[in-house]
Amino acid sequence: MVNQSNDTITTSENNIVNPNDELIERIAAWINKKSLAVPAVLYLELHKPVAGIASAFVNFLAPGLDWILGEKNLEDLANILQDRREVERLIVRIEDYK
């Protein structure tokens, strides 16, 4: 069951799952693997107020980037950047990643 108000999925076991959790985890792991946590957090904090524009920019570049990153990943990234709460979740996950 999908709850449209906050884009969560409730499973049969009544666990609440955010569909962006897996992508946020993968992005945080990749950023920390490359030792880019500080510049990534700085960039995300600076651009958080214009996150919607970043989402539109990703959608604009999608036809040229989908062969590199995959269409589904770009769509999910655009969805994360569209919502400031998701950007904040990504920042927290990058900072907490160990």
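Is Trp-67 buried or exposed? Trp-67 is exposed, with a relative accessible area of 69%, where exposed stands for over 50%, buried for under 20% and partly exposed for what lies in between (1.4 Å probe, protein chains only).

The model is a predicted one, in which local features need pLDDT of at least 70 and side-chain atom pairs count only at pLDDT 80 or more, while totals for chains, interfaces and linings use all residues. Residues are numbered from 1 along each chain as its sequence is written, and side-chain values use heavy atoms, with hydrogens and water left out.

**Overall layout**

The protein chain holds five helices and three strands, arranged along the sequence as β-β-β-α-α-α-α-α; helices (H or I, at least four residues) and strands (E, at least two) are DSSP runs, numbered from the N terminus. Of the 98 residues in the protein chain, 27% are buried. The accessible surface of the protein chain is about 6,900 Å², and carbon and sulfur atoms account for 60% of that area, as computed by the Shrake-Rupley method with a 1.4 Å probe, where for residues only the protein chains shown count as cover. Among contacts (heavy atoms within 4.5 Å) between residues at least 6 apart in sequence, 63% join residues at least 24 apart.

Leu-44 touches Val-87, Leu-90, Ile-91 and Ile-94, when residues up to four places away in sequence are not counted.

Trp-67, which lies in helix H3 (residues 51-69), belongs to a nonpolar surface patch together with Phe-57, Phe-60, Leu-61, Leu-65, Ile-68 and Leu-69, and the patch has about 780 Å² of accessible area. Patches are made of residues with over 30% relative accessible area and no salt bridge, like charges being joined within 9 Å and nonpolar side chains (Val, Leu, Ile, Met, Phe, Trp, Tyr) within 5 Å. Ser-55 is also placed in helix H3, but Ser-55 is buried, at a relative accessible area of 4%, and touches Ala-78, Leu-81 and Gln-82, again not counting residues up to four places away in sequence.

The buried residues of H4 are Leu-74, Asp-76, Ala-78, Ile-80 and Leu-81, and they pack against H1, H3 and H5. Asp-76 has a relative accessible area of 14%, whereas Lys-72, its salt-bridge partner, counts as exposed at 53%; both lie in helix H4, four residues apart, about one turn of the helix.

A salt bridge is a side-chain nitrogen of Lys or Arg within 4 Å of a carboxyl oxygen of Asp or Glu, and the whole structure has eight. Three of them are listed here.

| Salt bridge | N to O distance |
|---|---|
| Arg-89 and Asp-21 | 2.2 Å |
| Asp-76 and Lys-72 | 3.0 Å |
| Lys-48 and Glu-45 | 3.3 Å |

Arg-89 in helix H5 and Asp-21 in helix H1 are 68 residues apart, and their pair links distant parts of the chain. Asp-21, Glu-86 and Arg-89 are linked in a network of salt bridges. Lys-48 counts as buried at 18% relative accessibility, while Glu-45 counts as partly exposed at 35%.
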